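Colleague: I have just opened this model. Can you walk me through reading it?
Modeller: Gladly. Let us look at it together.

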Amino acid sequence: MSRRHNTISFLTDYGTTDEFVGVVKAVIRDIAPHATVLDLTHEVPPFDVKAGSLALARCISYVPEGIVLAVVDPGVGSDRRAIAVEVAGGAGVLIGPDNGLLAPAVAMAGGAERAVEITNPDYRLVAPGATFDGRDVFGPAAAHLCNGVPLDALGPEVDAALLMPATIPLPREEGDEVIAEVLWVDRFGNCQLNIGPDDLPASWPVSMSLRLPDPHQHGQTVIRSAVRADHFAAIGHGIGVVLDSYGMYAVSLDRRSAADDLGLAPGDQVVLAAGTDDQPGGGPVTTPVNLGR
Amino acid sequence: MSRRHNTISFLTDYGTTDEFVGVVKAVIRDIAPHATVLDLTHEVPPFDVKAGSLALARCISYVPEGIVLAVVDPGVGSDRRAIAVEVAGGAGVLIGPDNGLLAPAVAMAGGAERAVEITNPDYRLVAPGATFDGRDVFGPAAAHLCNGVPLDALGPEVDAALLMPATIPLPREEGDEVIAEVLWVDRFGNCQLNIGPDDLPASWPVSMSLRLPDPHQHGQTVIRSAVRADHFAAIGHGIGVVLDSYGMYAVSLDRRSAADDLGLAPGDQVVLAAGTDDQPGGGPVTTPVNLGR
Amino acid sequence: MSRRHNTISFLTDYGTTDEFVGVVKAVIRDIAPHATVLDLTHEVPPFDVKAGSLALARCISYVPEGIVLAVVDPGVGSDRRAIAVEVAGGAGVLIGPDNGLLAPAVAMAGGAERAVEITNPDYRLVAPGATFDGRDVFGPAAAHLCNGVPLDALGPEVDAALLMPATIPLPREEGDEVIAEVLWVDRFGNCQLNIGPDDLPASWPVSMSLRLPDPHQHGQTVIRSAVRADHFAAIGHGIGVVLDSYGMYAVSLDRRSAADDLGLAPGDQVVLAAGTDDQPGGGPVTTPVNLGR
C-alpha cells in the first residue's frame, strides 16, 4: 500500500440541480469515510472541457495535498480513457477523463510523473448504464487512493507524453497592438484576458484603448477607452483593465458587470493599444472596423 | 441509547440562494458536531414532492449508512405529520414530511421496518414561526439520532402501512407501441423515461420511432426517428434512446440538450414503436395526431 | 495562543458558478485541516452588502461556536478595512470587510467585545493581484484563528464603536396604517417585511388590507385584501400575512410565489391597514394612489 490521502478536491460540470454531485460524494464516503471532499465548482458549463481545464488551472496552486477529481466528460462511455496522473512526488493525484481537462493543471503542478489508465474492475462500481463514470469509475478510484491503494493497482501505466493536451490561446503582438482573448467571465462580469503584466509593453501609459466586438453588429468592432487600475473601486465610471487575483488582466467595471455592459463572452477577441493622456477613459468611441480574425 | 450515526444525507427544495440549507446544517452541527452532512441536492423544484421523491429514489442505493434527511414540504406547519422511518435493520433512518416524499426510497431500501411521528418537544427547537421545520423539527431529529437517541424517543410509533404513498407512473403497451412518460430532465437535457430494458420487446431493432408532444402546437404530436445507443457519443447527429446510469432509458442527444431541442419536460408522454432499418434515425417527420391522453 | 476553533460558518456573494468559494476552502484546509467549513449561502446578490448583512443576521443565532467568515466586498483592494470582531466572550469571531456587512449580526450576538484590523502579513497570502481578499486575507485569518492564533496577532485593535454601521429600515405607524418594507424575497417567493407581531396593533382583525406598488404602473399602488395565517397551507386562495420562521411577517401565497404574482422585490413599500370582516381576503381591488415615498 502507498500513502493515504485525506482530501479530494472536486470539480465537474454536473451542476447542483440534479443529485449527481451528491451521489459521487455518497459513493466516496462509503468507500473512504475519512476523506473530506472539497468542492471547487460544479458549474463548469455543460460539456465545456476548455472552461473546465481553465477553472482547474486557476485552482491548482491552492488545492491541498491529496486527490483532485475532475469530470467534464462529454465522451463518457466511449473509448476515451479514464486516467489518474501523479504529480509533485506523489503529493497529488489528478483523476479524470483523458480529454485535455487535466492537462493545464498537471503542467502547473510540475508535470506528470506517472500516469495510469483506470481499468481495474476491482475499483469500479458495477453499473446499470455507462453514462455516469463520476459515480462508477472516477469517484471510486479517488476514494480507493485515499485508502492507500497504490496508483498502479488502478490499471496499466500509460505514457504521460501521450495524454491529451489542452489548447490555451496565446496572445500576440501585431504592430503597436496586443491581441488578446477573453478566457473567462466570472460571476461579477469581470472578463479575464490571456495576458499578464509581462505581455504589455512597459512604455504604455495608464490609459489605453480596447477594440472589442460590437455587440450590436456582428463582425464589427468598437473602440473603447480604458484605464489600468489596481482594484475595482479605482476604476471610476469608465472601463478598467485590472490585474486580477490570478495575475492576469481583466476587463472590469466598478460594481457592474463588464460582460453585460460590453457584451463580452469567453473566446471574444480584445485588442489593446496604448492610450494618450489627453484622451481619458470612459467615453465610448465607435468605429466600424473589420474584425479580421 | 441505540446506535450512533455519522452521516446525514440531505435533500431539499430549499435551493442555495437563501441560507435555509446552511441554517439547518448549523443546527445539526450544534447538536451533533461529529456528524457529516452530505448534500444530495437542494434544487428540487419548489413544492414538487414528486420530483423530490424521484431524486431521492435515484440516490438511495448509493447513500451511506446513517440518516437521510429529506424536506420538500409545501404543507409545513399544517397537520401533515413529521416522520422518521427505519429501514435495513436500523442501518438507515429516513426523516421528512409524511407526504409521499420518502415512499419510493423507503420501498427501494427494503420497506419500512418501524416508523414514528416526530412529536417530542425535547428534540425540537422552539421557533418564532411555524414555517421552517427543516430547522426546527427534521434537522434536530436527524442530529439527535446521530447522537444515539433511540428512534422511539422522537414520538409515538405509527403504522408504516398508513404512511402516505407515492404515485409513480407505470408504462403500458398498447398494440405495437409502448407508452412511456418523462420522469426527469437532467442538467444536460437528457429525458429519463419510466421504462427500462425489460419494458421494450426484445424483437425491436436498434432503430425506433418516438411520438412526442409537438412543441409548437398544443395537443398535437410529432413522430421522430431514434436509435438505441449505449452512450451519448454513439448517438451521432440524431436522437438517441440511451440506457442511462440508473438503468432506465433516456431520450438524449450527443452534447446537446434533448429537452431543449425537442421541447420535452417531466410528465410529457413519449410513445415508442419499432423502427425499420431502411428508415434510419435523425430525420424529423411531423404528423399531426391527437395526443389522446 | 488562545482558544482553538473547529467551525467556520461561511457566507459570501461569490456564487458557485466560479471556483471562488472552493479556492477559499482549499486555502483554509491547507492552513487548518481540522476545521469544518459550514456554507451558509454564497448567493447573496453580487455587491449587495445590505442583503448580505440581513442574511447573516438571520443566520447568526443558529450558527455554532467558532468563526463566521462573511465576504460581500465591492471595495476589495481599496482602503476599506479588513476586520475581525470578537463576540460572546470569545465564543465567536466574525471576519469580513468593514462595510456594514457584519454589523447587524454582531449586534444580535451581543455586540462587539474586541475588534482588530487584519494587517499582519504573516497571516495573509502573497497574491498576484488585490481583488480576492477572501482567498488572501479573510480566509487565512479565519483558518489561523482556528489554529489558536490570538485575535490581536492579526493586527492592531480598532475601536468597535467606529466600525461601519448598517442601516436597517424601521417600520412606522401613520394614522391607522403601518408602513413597512420588503426586506427579503426567498426562493419560494415569500416577501419578508420589517415588522413582527409587536408592530401591528393588537386590535386588528385577522383580515387586513395591503397597499402595494402597482406592478403595471410605475408610481401607482394597488390595494389587496389579505389574511393573517400561521402557515402557508392556511392561507387558502388569497394573500397571506404569515409569521415566518424568523418571527417576522411575510406576504405569502400557498404553493406559489407571492413575489412573482404581486411583483414585489426587496425595498418595496407595503402599507398595512386593518380589514373588515365583511370584506374577506382574496379579491383584488385596484385604486390608483400616489406612492408618496
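Colleague: Which residue stands opposite Leu11(B) in strand 3 of chain B?
Modeller: This is a predicted model, so keep that in mind throughout. Leu11(B) faces Ala70(B) in strand 3 of chain B. Strand 3 spans residues 66-71. It is joined to strand 1 of chain B by five bridges, and the two strands run parallel.

Colleague: Which other strand is joined to strand 1 of chain B, and by how many bridges?
Modeller: Strand 2 of chain B, residues 36-41. Five bridges join this pair, and these strands also run parallel. Take one position as an example. Thr7(B) has Thr36(B) as its bridge partner in strand 2 of chain B.

Colleague: What unit do strand 1, helix 1 and strand 2 of chain B make?
Modeller: A right-handed β-α-β unit. Its helix 1 covers residues 20-31 of chain B.

Colleague: Is strand 1 of chain B enclosed or open?
Modeller: Count its buried residues. Buried means under 20% relative accessible area. In strand 1 of chain B, residues 7-12, six of the six residues are buried, so the strand is largely enclosed by the rest of the structure.

Colleague: Which way do its side chains point?
Modeller: Thr7(B), Ser9(B) and Leu11(B) point one way from strand 1 of chain B. Ile8(B), Phe10(B) and Thr12(B) point the other way. Both sets are buried.

Colleague: Now the charged residues. What is the general idea?
Modeller: Side chains of opposite charge can pair when their charged atoms come close. Here there are 42 salt bridges over all chains.

Colleague: Which residue does Glu43(B) meet in a salt bridge?
Modeller: Arg187(C), at 3.3 Å from N to O. Glu43(B) lies in the loop between strand 2 and helix 2 of chain B, and Arg187(C) lies in the loop between strand 8 and strand 9 of chain C, so the pair joins two chains. Arg187(C) counts as partly exposed, at 23% relative accessibility.

Colleague: Where do Lys25(C) and Asp39(C) sit?
Modeller: First, the pairing: their side chains meet in a salt bridge of 2.7 Å, N to O. The pair links distant parts of the chain, with Lys25(C) in helix 1 and Asp39(C) in strand 2 of chain C, 14 residues apart. Both Lys25(C) and Asp39(C) are buried.

Colleague: And what about Glu86(C) and Arg114(C)?
Modeller: Their side chains form a salt bridge too, at 3.0 Å from N to O. This pair also links distant parts of the chain: Glu86(C) is in strand 4 and Arg114(C) in strand 6 of chain C, 28 residues apart. Glu86(C) counts as buried, at 14% relative accessibility. Arg114(C) is partly exposed, at 26%.

Colleague: Let us step back to whole chains. How are copies related?
Modeller: Two copies of a chain are related by a rotation about an axis and a shift along it. The copies use different surfaces: 3% of the contact residues of chain A recur in chain B.

Colleague: What domains does chain A have?
Modeller: The domain assignment gives domain 1 (7-162) and domain 2 (172-274) of chain A. Their centres, taken over C-alpha atoms, are separated by 33 Å.

Key
Residues are numbered from 1 along each chain as its sequence is written. Chains are lettered from A and ligands numbered from 1 in the order in which they are written. This is a predicted model: local features need pLDDT of at least 70, side-chain atom pairs count only at pLDDT 80 or more; totals for chains, interfaces and linings use all residues. Side-chain values use heavy atoms; hydrogens and water are left out. Contact means heavy atoms within 4.5 Å. Domain bounds come from an automatic or database domain assignment. Buried means under 20% relative accessible area, exposed over 50%, partly exposed in between (1.4 Å probe, protein chains only). Helices (H or I, at least four residues) and strands (E, at least two) are DSSP runs, numbered from the N terminus. Two strands pair if DSSP finds at least two bridges between them. A crossover is right-handed if, with the strands pointing away from the viewer, the path from the first strand over the helix to the second runs clockwise. A salt bridge is a side-chain nitrogen of Lys or Arg within 4 Å of a carboxyl oxygen of Asp or Glu.
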